[in-house]
2 protein chains.
Amino acid sequence: MRNKKIGCAKFGFKMSNILYAVFLYLLMDNSLSGYTLTEELSKVGIDPSYIPTGITYRLLRDMEANGLLVSKWETSGTGPAKRVYRITESGKKYLEAWIVKAKRNLNTMQNLISLIEGRLKDEQNK
Amino acid sequence: MRNKKIGCAKFGFKMSNILYAVFLYLLMDNSLSGYTLTEELSKVGIDPSYIPTGITYRLLRDMEANGLLVSKWETSGTGPAKRVYRITESGKKYLEAWIVKAKRNLNTMQNLISLIEGRLKDEQNK
DNA sequence: TCTGTTATGTGTAAAATTCATATAGGTGAA
DNA sequence: TTCACCTATATGAATTTTACACATAACAGA
């Protein structure tokens, strides 16, 4: 048996991958800033206060560098300037590819969890 | 909004956490060596060849250090000596606690994925 | 002017993962 | 008998990911 690589990534549930997907999803309807995106995480069941802002802003810059998003500064309106992100065609394609992998990995996790749960219930009934 | 922590761990799907659970599950019926445990990953839908042996053996030592497993050397039988692991009561408790968190996190992922999938389907039908 | 909210960002530490490599006993075939 | 291959365990170091701490700045209202 040889050494190969795996990681959370293989299950599609690496933190940064999930946030990539969520941000792309949230941006499909509107262009939004990093701050607003963080707040809207609650819409998908993620507590925004758990996400360090350092991660959010760095991920968004990475996503832009990878061509999934484009940004422009918005200085109008109240408060400090916002960097507002818009999804690209490449970003949509990325999300479509992600969902395929994510579903497969969700299945793996689902099977694993029901297997373990079943075994633990057997133990209780002994 | 303040900075807090998250990570794969918050979703319960960190690589090492999954392997902890799988190993504990596999050890509920028999005592097994690291090598055999790796092979038996296929029973739960994980391709053993994807798991670097470096990770497996290190995780098992960690688990023992944390009291979830105990090991003894088995020199009888063919081939080189095996370090055979057995699950402890503490290991069983860990697995029970893990499954609760894992189910919750699976739910979060499930909702997230169906949300995104639904949105992508809308897009196709436009 | 001081506090709080909105808003974006960076440097560095810590943790997790991967890669490369080492060791060693046993088996079977050329 | 030596060479290739399988079983079996292990570690050092590089890389990647994630978390923590902090810095900056515009504006609003007391």
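**Helix packing and salt bridges between chains A and B**

The side chains of R119(B) and D29(A) form a salt bridge with an N-to-O distance of 2.7 Å, a salt bridge being a side-chain nitrogen of Lys or Arg within 4 Å of a carboxyl oxygen of Asp or Glu. This pair runs between chains, from helix 5 of chain B, which holds R119(B), to the loop between helix 2 and strand 1 (32–33) of chain A, which holds D29(A). Helices (H or I, at least four residues) and strands (E, at least two) are DSSP runs, numbered from the N terminus. The model is a predicted one, in which local features need pLDDT of at least 70 and side-chain atom pairs count only at pLDDT 80 or more, while totals for chains, interfaces and linings use all residues; side-chain values use heavy atoms, with hydrogens and water left out. Residues are numbered from 1 along each chain as its sequence is written, and chains are lettered from A and ligands numbered from 1 in the order in which they are written.

A further salt bridge joins E123(B) to K92(A), with the closest N and O atoms 3.6 Å apart. Across the interface of chain B and chain A, six salt bridges are found, and the count over all chains comes to 14. In this interface, 51 residues of chain B are in contact with 51 residues of chain A, contact meaning heavy atoms within 4.5 Å. The two chains bury about 5,000 Å² between them, 74% of it on carbon and sulfur atoms; buried area is the accessible area (1.4 Å probe) that two parts lose on being put together, summed over both.

Helix 2 (residues 15–26) of chain A packs against helix 5 (residues 89–124) of chain B at an angle of about 40°, with the axes 11 Å apart. Helix 2 of chain A is therefore oblique to helix 5 of chain B. Axes are lines fitted to C-alpha atoms, for helices over the stretch in contact, and angles run from 0 to 180 degrees between N-to-C directions; angles under 35 degrees count as roughly parallel, over 145 as roughly antiparallel, 65 to 115 as roughly perpendicular and the rest as oblique. The crossing of these helices is left-handed, the near helix being turned anticlockwise from the far one by less than a right angle. I18(A), A21(A), V22(A) and Y25(A) meet M109(B), L112(B), L115(B), I116(B) and R119(B).

For helix 5 of chain A and helix 2 (residues 15–26) of chain B, the axes come within 11 Å and cross at roughly 40°. This crossing is left-handed.

Within chain A, helix 2 and helix 5 (residues 89–124) pack at about 125°, their axes 10 Å apart, and are therefore oblique. Residues in this contact include I18(A) and Y25(A) of helix 2 and W98(A) of helix 5. By class, the contact has eight nonpolar, two polar and no charged residues.

Key: Nonpolar A, V, L, I, M, F, W, Y, C, P; charged D, E, K, R; others polar.
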